[in-house]
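Dear colleague,

Please find below the structure that I am handing over to you. My findings follow it.

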Amino acid sequence: MTEKHFIVPDIKTVTIVGVGGTGGYLAQGLAKMMAGYRLDLDVTFVDPDTVEEKNRFRQNFMPWEIGQSKSESLAFRLNQQFGLGIKSFVGKGEDFYQGNTGFRDLLITCVDKIEPRKNLRNHLLWLDS
């Protein structure tokens, strides 16, 4: 049987664009991994939206976060819970990357529209959820 060899990049930076439904739970899983395995990652959550009442039942938000920025409230809560330094950016992924000359190591898009995916898909390591 032939062994398969995979090249695993040394990821230092992770950006999650869209922390509502899928992205909010992915963000929590990443935070748990960072804390549990003591991963030294530079993580940023990017989302232009605020938490609404309807988000409470299907997204990773708490009742007291209604009206707050999704990216800020989730980063704050996970930082408090796991002792991390996750950053947040309130805005669209395209705005976050505008003027950036370098690439983030890993970009994860968890958005429900096709246009942001088209605009962000040219990054070196891109995972679309």
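Helix α1 covers residues 21–37, and its end C-alpha atoms lie 25 Å apart. This agrees with expectation, because 17 residues at 1.5 Å a residue should span 24 Å; the expected span is 1.5 Å times one less than the number of residues. Helices here are DSSP runs of H or I with at least four residues, strands are runs of E with at least two, and both are numbered from the N terminus.

This is a predicted model, in which local features need pLDDT of at least 70 and side-chain atom pairs count only at pLDDT 80 or more, while totals for chains, interfaces and linings use all residues. Residues are numbered from 1 along each chain as its sequence is written, and side-chain values use heavy atoms, with hydrogens and water left out.

Which residues of α1 are buried? They are Gly-23, Gly-24, Ala-27, Gln-28, Leu-30, Ala-31 and Met-34, where buried means under 20% relative accessible area, exposed over 50% and partly exposed in between, with a 1.4 Å probe and protein chains only. These residues cover an arc of only 165° around the axis, which puts them on the same side of α1; the arc is taken from the directions from the helix axis to the C-beta atoms. Gly-36 and Tyr-37, on the other side of α1, are exposed. The buried residues of the helix pack against β1 (13–17), β2 (42–47) and α2 (70–82), a contact being heavy atoms within 4.5 Å. Just after α1, Arg-38 adopts a positive phi of about 50°.

Strand β1 is mostly covered, with 5 of its 5 residues buried. Thr-13, Thr-15 and Val-17 lie on one side, and Val-14 and Ile-16 on the other. β1 runs parallel to β2, to which 5 bridges join it; two strands pair if DSSP finds at least two bridges between them. Thr-15 has Thr-44 as its bridge partner in β2. β1 also runs parallel to strand β4 (residues 106–109), through 4 bridges, and there Val-14 is partnered with Leu-106.

Together, β1, α1 and β2 form a right-handed β-α-β unit: with the strands pointing away from the viewer, the path from the first strand over the helix to the second runs clockwise.

As for the whole protein, it has 4 helices and 5 strands, in the order β-α-β-α-β-α-β-α-β from the N terminus on. Of its 129 residues, 41% are buried.

Yours sincerely
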